[in-house]
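Please look over the sequence and the structure first.

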Amino acid sequence: MGMSQTMAPVAPAAMSDEPAERSVVIHLMKNSRAIYELPRLQAIHFNDGRFSRIFDACRLLEQANRPIEPLTLANKMKSEGTLEEVGGMAYLKSLTCLGR
């Protein structure tokens with residue numbers, strides 16, 4: 001590429017670090033107010049579809065002024081049809097156990 005050519009802007013990359021993605025989701029499940037610390041983070045920034053779906057449900061709960069807790073999260077995901085896609089309630093519970 002010559003000096004006169006310019007490079008196209010690069011879109012923000014999705015996270016590609018599975019432990020980091022998991023940590024974000026666990027933090028949100030443990031601290032309902034933590035979502036306000038991440039105003040720019042969106043579900044599309046997650047590389048792992050499970051964490052993307054969980055994060056999306058967290059945002060929906062936030063928008064509805066509902067607490068982000070394992071039970072409300074599971075209920076929201078069930079109503080959206082995404083709970084089983086991430087591994088069900090057992091998977092959500094396993095995440096909360098990891099965050100202890």
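At what angle do helix α1 and α2 pack, and how far apart are their axes? In this predicted model, helix α1 (residues 18–30) packs against α2 at an angle of about 25°, and the axes are 10 Å apart. Because angles under 35 degrees count as roughly parallel, α1 is roughly parallel to α2.

**Helix pair α1 and α2**

- The two helices, α1 and α2, cross in a left-handed sense.
- On the α1 side, the contact is made by Glu 18, Glu 21, Arg 22, Val 25 and Leu 28.
- On the α2 side, Arg 50, Phe 51, Ile 54, Phe 55 and Cys 58 make the contact.
- By class, the residues of the contact of α1 with α2 are six nonpolar and four charged, with no polar ones.

**Cysteines**

- Cys 58, one of the α2 residues in the contact with α1, has a relative accessible area of 0% and is therefore buried.
- Cys 97 is partly exposed, because its relative accessibility is 45%.
- Zero disulfides are found in a search of the whole structure.

**Arg 66**

- Arg 66 lies in the loop between α2 (49–63) and α3 (70–80).
- The relative accessibility of Arg 66 is 45%, so Arg 66 counts as partly exposed.
- Not counting residues up to four places away in sequence, Arg 66 touches Leu 61 and Thr 72.
- Between Arg 66 and Ser 32 the C-alpha to C-alpha separation is 9.0 Å, while in sequence they are 34 residues apart.

Notes: Residues numbered from 1 in each chain as written. Predicted model: local features only at pLDDT ≥ 70, side-chain atom pairs only at ≥ 80, totals over all residues. Heavy atoms only, no water. Helix = DSSP H or I, 4+ residues; strand = E, 2+ residues; numbered from the N terminus. Buried < 20%, exposed > 50% of the residue type's maximum accessible area, 1.4 Å probe, protein only. Contact = heavy atoms within 4.5 Å. Axes fitted to C-alpha atoms, helices over the stretch in contact; angles between N-to-C directions. Parallel < 35°, antiparallel > 145°, perpendicular 65-115°, else oblique. Left-handed = near helix turned anticlockwise from the far one by under 90°. Nonpolar A, V, L, I, M, F, W, Y, C, P; charged D, E, K, R; others polar. Disulfide = S-S within 2.5 Å.
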